[in-house]
Amino acid sequence: MIEAVGLTKRYGAKTAVYDLSFQVRPGAVTGFLGPNGSGKSTTMRMILGLDQPTSGHVTIGGHPFRKLPNAPRQVGALLDAKAVHGGRSARSHLLSLAQLSGIPARRVDEVLGVVGLQDVARRRSKGFSLGMGQRLGIAAALLGDPQVLLFDEPVNGLDPEGILWVRNLMKQLASEGRTVFVSSHLMSEMALTADHLIVIGRGRLLADMSVKDFIAHNSAGFARVRTPQTEPQQREKLSVVLTEAGGQVMPEPDGALRVTGLALPAISDLAHEADVRLWELSPHQASLEEAYMRMTQAAVDYRSTEDQKAGLMQPPPLGHDPSAVLVPEAPQQGWYAPPPPGRNPYAADAPATVPPGRNPYATAAAGATAATAAAGVTAAPAPAAPPAAAPAPAGPAAPAPADLTKSSTEDAR
Ligand SMILES: Nc1ncnc2c1ncn2[C@@H]1O[C@H](COP(=O)(O)OP(=O)(O)OP(=O)(O)O)[C@@H](O)[C@H]1O
């Protein structure tokens, strides 16, 4: 088990991680989610003893990483897949890590098979695509057959087949009773891979719960309501009526209204009483991705001016005064306002109102990382992550597609 207690890390005036306490349990995949710069990599580096906490502490199996006996056999980590000596072949890279940790050479061939790189094992890794680099990093993490595994963005650069492979590998490792801690920006992928989620924003804990609970609490429903386009005053009238009845009303890009906090029958009755004709009244389920975006949007540090065009910022509510701009300290209601956890907004008895409411070998088994650090090789800064929308395409140095999609020997079993 990994246990963090009051973990805080400051870099000068910048607080990267603040008072984080959580546990990562064995036998489950725990997803570690947060926007860019939220402190995921810093937390992982502190777990691996590569960064010292300013205050608080973190242990693995009850010991700080640096005090773990035979760490490479107990903990494996993928932190930065690009931090590999490109002049070496995949096999010799793994062999050198194995030698540093007293791991027999036959294990190198085993893990090359597990990650599907056996046919390119003697090729220099500088010719590897991003996806192949990720596979090599995962092989390094598995080298010591450790019980605790940390993966920082393991699906970066992987194609859909690779993403599926990583998903199955994580699940398999957890089913063997191992502790698997995986960071990602991709809520949708984590919803499929993880059993438990730890979500952070600006270094603070936002959620620590099972995926099941996260879905139940956050992917709330809403109603879409549309009035005749030819009569905009009807839309305004309905919006006022619904708001007065305690609903939250937001405009949709196509001119419809998104309503939360009111049951569908109540919306219908209120429209009827106000003599407003409806062309659409339909229930919708907000996606988990959207729920995650809502939870973390107040904690997003880097936001493109193009976000508005891409629909990644919340539209202002109807009647919003743009001069009164709020800078929230905590997550707040975004595109939609979900009902309190467990409440079905469409139930006939639903209330009319809702309360306002690196290291060069950082890819390597972590122990080898420490060993290479001791050998005087300094850690590289974490690379900027790609946008969350889709896996990054293979880099320009991508080899023949056959290499990328190669099934691992594990797949074949
Ligand atoms: N060595 C450092 N010196 C100064 N600031 C740092 C250092 N490492 C990280 N930070 C800052 O700490 C914050 C958290 O960074 P971190 O890399 O942990 O976030 P992250 O969640 O992993 O981000 P991403 O998803 O983009 O990889 C950022 O603001 C980052 O700029």
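A residue is buried if 20 or more other C-beta atoms lie within 10 Å of its own, exposed if 12 or fewer, and partly exposed in between, with C-beta atoms placed from the backbone. Keep that rule in mind for the tour.

This is a predicted model: local features need pLDDT of at least 70, side-chain atom pairs count only at pLDDT 80 or more, and totals for chains, interfaces and linings use all residues. Residues are numbered from 1 along each chain as its sequence is written.

**The whole protein**

Show everything as a cartoon. The protein has 15 helices and 13 strands. Both kinds are DSSP runs numbered from the N terminus: helices are H or I with at least four residues, strands are E with at least two. Of the 413 residues, 46% are buried.

**Strand β6**

Select residues 148–152. This is strand β6, and five of its five residues are buried. Val 148, Leu 150 and Asp 152 sit on one side. Leu 149 and Phe 151 sit on the other. Both faces are covered. In a regular strand, side chains alternate between the two faces of the sheet.

Two strands pair if DSSP finds at least two bridges between them. Strand β5, residues 75–78, pairs with β6 in the parallel sense over four bridges. Look for Ala 77 opposite Leu 150. Strand β7, residues 179–184, also pairs with β6 in the parallel sense, over five bridges. There, Val 182 is the bridge partner of Phe 151.

Together, β6, α6 and β7 make a right-handed β-α-β unit. Right-handed has a set meaning: with the strands pointing away from the viewer, the path from the first strand over the helix to the second runs clockwise.

**The ligand**

Centre on the ligand. It is surrounded by 13 residues, the closest being Tyr 11, Ala 16, Asn 36, Ser 41 and Thr 42. A residue is near the molecule if its C-beta atom, placed from the backbone, lies within 6 Å of it. Colour β2 (14–24) and α1 (40–47): each supplies at least two residues of the shell. Helix α1 gives the most, with three residues.

What is the shell around the ligand made of: how many residues are nonpolar, polar and charged? Four are nonpolar, seven polar and two charged. Here Ala, Val, Leu, Ile, Met, Phe, Trp, Tyr, Cys and Pro count as nonpolar, Asp, Glu, Lys and Arg as charged, and the others, Gly among them, as polar.

**The cores**

A nonpolar core is a set of buried Ala, Val, Leu, Ile, Met, Phe, Trp, Tyr and Cys residues joined through C-beta atoms within 7 Å. Select Ile 47, Leu 94, Ala 139 and Leu 143. Of the 77 residues in the largest core, these touch the most other members. Apart from it lies another core of 16 residues, including Leu 238, Val 249, Ala 256 and Ala 263.

Go to residues 280–285. Val 225 has Leu 281 as its bridge partner in β13.

Next, select helix α10, residues 264–273. Its buried residues are Ala 266, Ile 267 and Ala 271. Seen down the axis of α10, they fall within an arc of 130°, so they line one face of the helix. That arc is taken from the directions from the helix axis to the C-beta atoms. On the other side, His 272 and Glu 273 are exposed.

**Last stop: Gln 229**

Find Gln 229 in the loop between β10 and α9 (232–244). Buried or exposed? Gln 229 counts as exposed, because it has 12 C-beta neighbours inside 10 Å.
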